[in-house]
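Thanks for coming, everyone. Please take a look at the sequence and the structure before I start talking.

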Amino acid sequence: MLTWANLVSQMFNGLVLGALLALISSGLTIIYGTLGVLNLAHGALFMLGGYAGWLTFDYTGSYIAAVAGGALFVLLVGIVIERGIIRFFYDRPHEDQILVTFGIGIVIVELVRLSFGSLSLSVTPPSLISGITNLGFVIYPTYRLAVVAIVAVALLALYLVLYRTRLGMIVRAGIEDAGMVDALGINVYRVFMVVFGIGAMAAGFAGIVNAPVAPITPDVGTEILVQTFVVVVIGGVGSFPGAILGGLIAGEILSLTSMINPAYSQVMLFAVMTLVLVVSPHGLLGVRGRQ
Amino acid sequence: MAQDSSGRPDRTTGVTRRSVLLGGATLAAGTALLSPVVMRNAFAQDKKAPVGNYPAGSEGDSVFVGICTPRTGTYAAQGEDEIKGYQLAFEHINNGNEMLSKMSPNLGKKKGVLGKQIAHGVADSEAKPNTAVQAQTRFINQNKAMMITGSVSSAVAVAINKLAEREKTIYLPCITGSNDTTGKDCSRYSFRSCFYAETAANAIAPVLIKNLGKNKKVAFLTPDYTYGHTVRESTQKALEQQGGWQAVTNQLSPLGTTDFSSYLLNIANSGADVVVNINFGRDAVLSIKQAKQFGILDSMKLAIPYLAPFVAEEVGADTMQGVFAGTDYWWTLEDKFELAKMFNKAFRDKYNTYPEWGAAEAYLQVAMWADAVERAGSFYPPDVIKAYEKGEKFESLTGPVHFRAEDHQLVRPVTIVQGKKPGDMKTDNDYFSIVETVDGGPLMQKPDAFGCKLGDYT
């Protein structure tokens, strides 16, 4: 079914998928870039954002409150996790960091399963952005279009924080050389807490924004975590622009491959990742020799 | 001196391969000839040669049943429902509930099976074959399980079929829709009671053709494993042959897909009149919801040959109204069947919720197993299997059923339902009206048509 209409609609679909992946991945990548911790609980935080948002939605009936509630709750959880657990692991080997974040992820998923059960829950977007839009080449759910806009705004906000504030400057300096920032008399560890919180919030925000698209379940973060890692590797580990580029590329690969043969879309994603690693071992926008 | 087949004396042992083979064969033949005589004359029934966990697993006051269902992932809701059904069945059998005596005269009067209480363990399969095989192997080896049961994914069911055959332990799959479960992957030690791809297809095809017309274009949305493949094949064949329908696309998605947008765009651009959605459990919920979001259900009719009906609860009556589907059990069957009514009541008293198909199937499987064991008069697996294979009539929740000896498939009715309009629902759980309860026998293929060859008893 290689028609123009289908090609354009799938490319468009890839953009929507890619935007979401870009947002989740940027959270993952700034945490890794700054703290040096590979956060395997990121998928669980994505899921948690969905549930926290759903609860808020259940109480208030407001989509905007749900998004705010989901994002802020995960921000808080992120800070608690960093203060309570992660900060004791900065000087430990990478394997320990991976194990502890993996464990945190399992605990979060099982706690949610215990409290909410396994049936899927969903959030209804306001009528302004629900329904269907006819784009000429395809009719497309309006909410998914809105997702692109919402994610773009969120990424812009993240960009402004990272590139236009003093905090962002410290974060970016920390990514380059945390030891030197520390030596300059800046409390890097307090910055770490904020960065982990913001990274977690990006995942939680994406989780609640995604809830009307794909109803939330305790396992929803598992699949997305794997794709997110691929995005980060393609874009360049620790690179914020890289995460956005990687996300969009991954979205297009998944979408366009499924036009020809859906069974190969995941395979193609990994094939492209391998290719990128061969050609440019630090990812597309990664920097060689970064600490 | 003994010589091997090449004529040279064997230097190490003095025994030749041929003589060993010959001796072995003679011994085996001798045992085979002797054993029935020996058994009948000299020993009581439970002195038979050990098979699987027999007799070790049936010597105590209780027998162990290993349950492995998905409690996490795509099929978690169905897995939990199955567990509830199993536990209700064990409770009824252990206490001698009178509902069982209406299903079979052999049941319900005494407590337990052959006087033994049923103990059980539960494990999470995650709907993954490897995980399920590990869990059931543990139940067989450590707990000496005399029966293992549970499934929502056919990939798990066919994997455990093979395990059951190897371990000589009876396995009762619960939900499994693939033709292969009692087809090319059938097992002497496994008995399937639910309906499946071929009967689903042959039951729903006439209803779809009658209501939607002939010569329609149909798109399939199919989970990419044995269940999805066989349901798609059977349904497509039935629709093509009986109504001249034409398949325009088949979208295969992996089990556990969360975003169906790419598949749905392909379907939206395919020009189909009808979407047949074969996804099950949460995959069904997500794909239907997203199809609605993409406006596909405004221009195409939806049909579901193999439906877990509580999908309606998550999808909403609004979307499900008018949709035709094939299913195993829906609670309003109680209007027609006394046993269904008793079952629903017992289930609701215990769990304060309605049973779905998994619970009804789990209950039926356990009851039929207890019946077969009672008729065999022993837990000796070959005798229990032969009792099953006699194909005796059993009163299920939805009318009389019996097992087919050739492929161990239950001959049972298939229920076709249609989604009610939200305004027509009498209670908040009254999602479907029963269109028809189709007699199962004529829907089935010939027993060997899907390549079933049952293995040995021992």
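Which residues of chain A does the UniProt annotation "transmembrane region" cover? The unreviewed entry lists 12–33, 63–86, 98–123, 143–162, 188–209, 229–251 and 263–285. Keep in mind that this is a predicted model.

Take two of those spans. Residues 188–209 of chain A are 100% helix and 0% strand. The end C-alpha atoms of that span lie 31 Å apart. Now residues 229–251 of chain A. Here the span is 83% helix, again with 0% strand, and its end C-alpha atoms lie 13 Å apart.

Next, one helix of chain A. H4(A) runs over residues 94–116, 23 residues in total. From first C-alpha to last it reaches 33 Å. That is close to the 33 Å expected at 1.5 Å a residue. Which residues of H4(A) are buried? They are Val100(A), Thr101(A), Ile104(A), Gly105(A), Ile108(A), Val109(A) and Val112(A). And what do the buried residues of H4(A) pack against? Two helices of chain A: H2, residues 42–60, and H3, residues 63–84. Just past the end of H4(A) sits Gly117(A), with a positive phi of about 80°.

On to chain B. It has 458 residues, and 53% of them are buried. The chain holds 15 helices and 14 strands. Now look at contacts in chain B with a separation of 6 or more: residues 24 or more positions apart account for 70% of them.

An unreviewed UniProt entry places "domain: Leucine-binding protein" on residues 63–421 of chain B. Over that stretch the chain is 46% helix and 18% strand. Its end C-alpha atoms are 47 Å apart.

Now the side where the chains meet. In chain B, 29 residues are in contact with 26 residues of chain A. Which elements of chain B each supply at least two residues to that side? Helix H2 (76–95), strand E6 (246–253), helix H8 (261–268) and helix H9 (281–293). H8(B) gives the most, with six residues. By class, the side of chain B that touches chain A has nine nonpolar, 14 polar and six charged residues.

Last item: a sheet in chain B. It is open, with three strands in the order E10-E11-E12 and antiparallel pairing. Why do E10(B) and E12(B) each have one side without a neighbour in the sheet? Because E10(B), residues 394–396, and E12(B), residues 409–411, stand at the edges, each with a single partner strand. From one strand to the next, the twist averages 45°.

Let's walk through the pairings. E10(B) pairs with E11(B), residues 399–404, over three bridges in the antiparallel sense. Glu395(B) stands opposite Pro400(B) of E11(B). Ser396(B) has Gly399(B) as its bridge partner. E10(B) and E11(B) form a hairpin, with two residues between them.

Then the other pair. E11(B) and E12(B) are antiparallel, over three bridges. His402(B) has Val411(B) in E12(B) as its bridge partner. This hairpin has four residues between the strands. In it, His408(B) takes a positive phi near 60°.

That's my tour. Over to you for discussion.

How values were computed
Residues are numbered from 1 along each chain as its sequence is written. Chains are lettered from A and ligands numbered from 1 in the order in which they are written. This is a predicted model: local features need pLDDT of at least 70, side-chain atom pairs count only at pLDDT 80 or more; totals for chains, interfaces and linings use all residues. Two residues are in contact if their C-beta atoms, placed from the backbone, lie within 7 Å. Ala, Val, Leu, Ile, Met, Phe, Trp, Tyr, Cys and Pro count as nonpolar, Asp, Glu, Lys and Arg as charged, and the others, Gly among them, as polar. Two strands pair if DSSP finds at least two bridges between them. Axes are lines fitted to C-alpha atoms, for helices over the stretch in contact, and angles run from 0 to 180 degrees between N-to-C directions. UniProt positions are given in the numbering used here, feature names are shortened, and annotations may be inferred rather than shown by experiment. A residue is buried if 20 or more other C-beta atoms lie within 10 Å of its own, exposed if 12 or fewer, and partly exposed in between; C-beta atoms are placed from the backbone. The expected span of a helix is 1.5 Å times one less than its number of residues.
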